[in-house]
Structure formats: C-alpha cells, structure tokens
Amino acid sequence: MTERTRRSWTEADRLAALAAYDILDTAREPAFDGIARLLAQIFDAPIALVNLIDSDRAWFKAEVGTGMTGGTIETSFCAVNIREGEGDVMVVADATLDPRFADNPFVSGEPGLRFYAGRLLRTPEGIPLGALCVHDLKPRSDTLNPIQASALEVLAGQVMDQMELRRALRAGALEILSRQAVETELAATIEALAESEQKFRVITESMPQMVWSTLPDGFHDYFNARWYEFTGMEEGASDGDGWAGMFHADDQDRARELWQHCLATGEPYEIEYRLRHASGTYRWVLGRARPIRDASGRIIRWFGTCTDIDELKRLQDGKDLLSQELSHRIKNIFAVVSALIALSAREFPEAQPFAKAVRDRVSALARAHEFVRPHTEASRPSVGSMTLHAFLDALFRPYTDDAGRSRIILQGDDAVFDDQAATSVALLFHELATNAAKYGALSLPGGGVELTTQSVGDRFVLTWDERDGPGIDGPPTRTGFGSSLATVSVEGQLGGRLERSWRPGGLLVVADLPATALSRRRAALKAV
C-alpha cells in the first residue's frame, strides 16, 4: 500500500464509514461467531476476534477466548495496525520484545499476550474499520505460513461480506432489485460459494491435522487427505458411520456417548481417544469439533479435527512417572530428617523441646507436600480435592475435641490451591494452631477457633479468630521465632499483609493476600 493510499482517508471518514454499517453494540450473530471459531482452529490459537475500532474503544463483534465485548484503544493491537497503516496484515511474534506493546497491561500482566496476527477489515473504498485477528500466549514466528495467510485473507473477506449484507438488508436494497439484478446477485453468490468451498478444501488439504465435517445429524461426509494418510482407509470408506470402527475398543463407548450428547445439545466436542493407524497400531489423538449455525441459530454443519498427540502422551506418561518417583523420594527425605532430629534429641536431652518444635514444623511441611505432590488414582483420595479448604481440613485434623469434632471451624469461600502457596500456608497455620494449643484458645477445654476465608475482589482474606481462651493483657513483649516465621510466610512468600490483634477474649489474625497468591491458575480462571 502506498503512502498516498494510506492517507486518502481521515479519522472522521473512517468513523463515518463505521457508523454507516450500524453494527456497533449489536447482538452476537452465528455468522460472525463461526468465522472467529474457524480462525482460532486454523491457527490453533486460544483467542480470535472480529474487532471494530470506534473513536474511543475497541468493540468485538465476535470473540473466542476472552469472554469480553471489547476493550480500550490503548490496549488494542488492532488500533495500532490501523494507526500505523503499513499494510493489511500485521504480525507481532513476541509482544514483550516490541516497544509498541511491551508495556501493554495485557502483555506485562494477565493474560500475558505474546503473539498477534491481524488483517484489516476494509470497506470497498479501502477504509479500515477494524481487524480480524488471533492472539496466542506464547511467542511464534513473525512469518505466517501460506495456510494461515490465506485463511486470514479469505475469512476477513467473509466478515466484510457479512457486514455489507447487513447494510443492504437494513436499507431495503434487496427489495428494489430487479429480477435480473437478483439473478445476477444469486449467480455471483453461487460463484463466491464455489470459490469459498475451493479455498476451504485447499486449506484443509494442506493442514497437518485430520479435518472432517458432518451433516447436522452427525453423518460424516468429508475427510481431508491427512485422514486417509493416517488411517490407510480408501477414500469414501469412512463416510457415514464407517469411521466408528477406527476407535480402540476401550474408547468406543466413551467417544460415541459424548458425540451423541454434543449432537443433541450443540455443545463443542473435545475428547482424547486411540485411533487405528495405517500401520495397524493405535495412536492417541485429540478430537475436537464445533457446530456451524445459521442466522436463526440452527446447526447446519459440524467441522472437526483430529490431532496426533501420541508422542506427547507418551512424554507426559514418562513425566508423570518421574514426578511420582521424585515425590516419593522427597517424602522419604522428610521422614529421614524427622528421624535424625529425634535421634539427636535423645543424645542431647536438654534440646528435646527445641527438637519437638522443629519436628512439628517438618511434619507440617510434609503434610503440605503430601497434599500437592503428584498422585496416582490410588493415592489421590487420601488428600482430597486440590482446594484451600481441603488442605486446611487435613492440616487441622489433630485438633479435635473428645467427640472427634474439629475445634477449628473453617467457613467461607473456598479457592483453587496448589504448590505455589502450600508451604507458606502450612507454616502460617501450623504456628497459629500450635500456639493456640499451648497458650491460646485451644489450651482450654471450652475454647475454639473460627477461620473465615473470603474472596474480596482481587484479594483473598483469611481471618483467624480465637475465642473463650485465657485472658490476654496485651501484645507479647518479645517476638518469637514462630511469629517471625508466620510473618515471613505471608508477607515475604505470598506477597500479602499480616495483622495481629491481641484482644482480651483471644487473638485475632488477618492475612490479606493477593487473589493470585494461592494458585498459578487462579489468575487464568478470572482472566480476560
């Protein structure tokens, strides 16, 4: 594109052209949603957008992977593409290395955008209205392969065709067309559909994945060349239900039940199963399918892919085995350390109180490791679900009354929990519980503790409230090692704040943490 072409329109022209389509803030439409889903599948990317740039915002007519309706101009990659106007296609291999985007909050923070590829959506007069784009959370090449480049071009054209059709229908243009014009338009549409079908086949035949499609009732009527190459079947032999016998016997019922469920509900299809290879062996594949709907929401076709993941599956199995062995060795180390401390205490009786405190702390760390370590299906039930409440229930199990009821009452919001926070949380509440048992509410028969967990915006607050224990005159005159350890665990390791209040009725401790401190995934669950 020449400089003269780029500057042949003004921002006022661009906004007027966008307004003429009367599309901003309209409801979701299957035609646009289908384009975004297909683009995400072709790029194997988690995020795809039909992004229109208004004067002060970016608005998504369709999106995959964000759950949002739009964003700000300042954070929009597509707005930069329009503003700089160096070509129809912009590719950013790694946004952290690009000075235009390195400080973008969606790059430096969650969800951690890295790769971007977008093609401008232009009116017939060449005015850009937005872009059709994909994002990935991992860096990629700065060059698109022929399939990706062709897909961006074809699908961006389809977006604009849909927008032109909406405008024509709104203006009543179709009602005043003559019979000849209607016939001409119909012929052009048929020709365009044939061309689109040809391009679709070129793209799917070039893809490394197996690609297939079915009618709304699930009847398979298309498989690409990769399918026949992988399975060794004759062309057409797997149409209809002929493909079903390709599954491993142990996977057939599971795959069939899920497929029938998706056909009945329209839910996306995703499953791992073993598929018979041309060599006669079975290989693991990842099967995915999405429905294509018409303007009324009726499913008109299913498109799916099968990706060979056999090597990845074997690597994962090996990794799991190694993790299990390493975890078992770590567990043994905890036991050896605890035994060494006990033996040393026998040799030096004067150190026995100190040795007991150290062993208790090592035991707390061992329980934290037992909770978050990799587990087999046989070992997993012993530690419960991977949540904060399940972890704390296991940690507080020794503190019960004569009837076997816990003297530490846990209530409030639960949270996703993993090894990121396990050690720090274990040390914090081990110190609080042991101190309460020695000096606080748990040292008296009628005393108890309420531990309340609460999710408050981007914070997670844990409140330890001791009641009916010995009277407290005020804060201690000396800070012990346990108190220092608790402070370091919260403020140093979890990045939170720890506050203590020595009330006459019992100790009150509040740990105010970032919501993301408990799990690596927590931010992703709330991410855009």
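The structure is a predicted model, in which local features need pLDDT of at least 70 and side-chain atom pairs count only at pLDDT 80 or more, while totals for chains, interfaces and linings use all residues. Residues are numbered from 1 along each chain as its sequence is written, and side-chain values use heavy atoms, with hydrogens and water left out.

**Overall make-up**

The protein has 15 helices and 16 strands; helices (H or I, at least four residues) and strands (E, at least two) are DSSP runs, numbered from the N terminus. Of the 528 residues, 41% are buried, where buried means under 20% relative accessible area, exposed over 50%, and partly exposed in between (1.4 Å probe, protein chains only). The accessible surface comes to about 28,000 Å², and carbon and sulfur atoms hold 54% of this area; the areas come from the Shrake-Rupley method with a 1.4 Å probe, and for residues only the protein chains shown count as cover. Among contacts with a separation of 6 or more, 59% are between residues 24 or more positions apart, a contact being heavy atoms within 4.5 Å.

**Strand 6 and its partners**

Strand 1 (residues 47-53) runs antiparallel to strand 6 and is joined to it by six bridges; two strands count as paired if DSSP finds at least two bridges between them. Within this pairing, A48 has V134 of strand 6 as its bridge partner. Strand 5 (residues 115-122) is also antiparallel to strand 6, through eight bridges, and here G118 stands opposite C133. Strands 5 and 6 form a hairpin with five residues between them, and G126 in the turn has a positive phi of about 90°.

The six are F77, C78, A79, V80, N81 and I82, and their cover includes helix 2, strand 1, strand 4 (89-92), helix 5 (105-108), strand 5 and strand 6. At the N-terminal end, S76 caps helix 4, with a side-chain oxygen 3.3 Å from the backbone nitrogen of C78.

R14 is located in helix 2 (residues 11-20). With 1% relative accessibility, R14 counts as buried. Its side chain makes a polar contact of 3.0 Å with that of E11; such a contact is a pair of N or O atoms within 3.5 Å, where within protein one must be able to donate a hydrogen and the other to accept it, and residues adjacent in sequence count only if both atoms are side-chain atoms. Beyond neighbours within four places in sequence, R14 is in contact with residues including I82, P128 and L129.

**Nonpolar cores**

In soluble globular proteins, nonpolar side chains tend to be buried together. The largest nonpolar core here has 54 residues, and F43, F77, L132 and M163 have the most contacts inside it; a core is a set of buried Ala, Val, Leu, Ile, Met, Phe, Trp, Tyr and Cys residues joined through side-chain atoms within 4.5 Å. A second, separate core of 36 residues includes L395, A422, F429 and W464.

Strand 13 (residues 448-456) and strand 14 (residues 459-467) are antiparallel and share nine bridges, with Q454 opposite V461 in strand 14. Six of the eight residues of helix 12 (residues 388-395) are buried.

L513 sits in strand 16 (residues 506-514) and, at 2% relative accessibility, counts as buried. L513 and F460 lie 53 residues apart in sequence, with their C-alpha atoms 5.1 Å apart.
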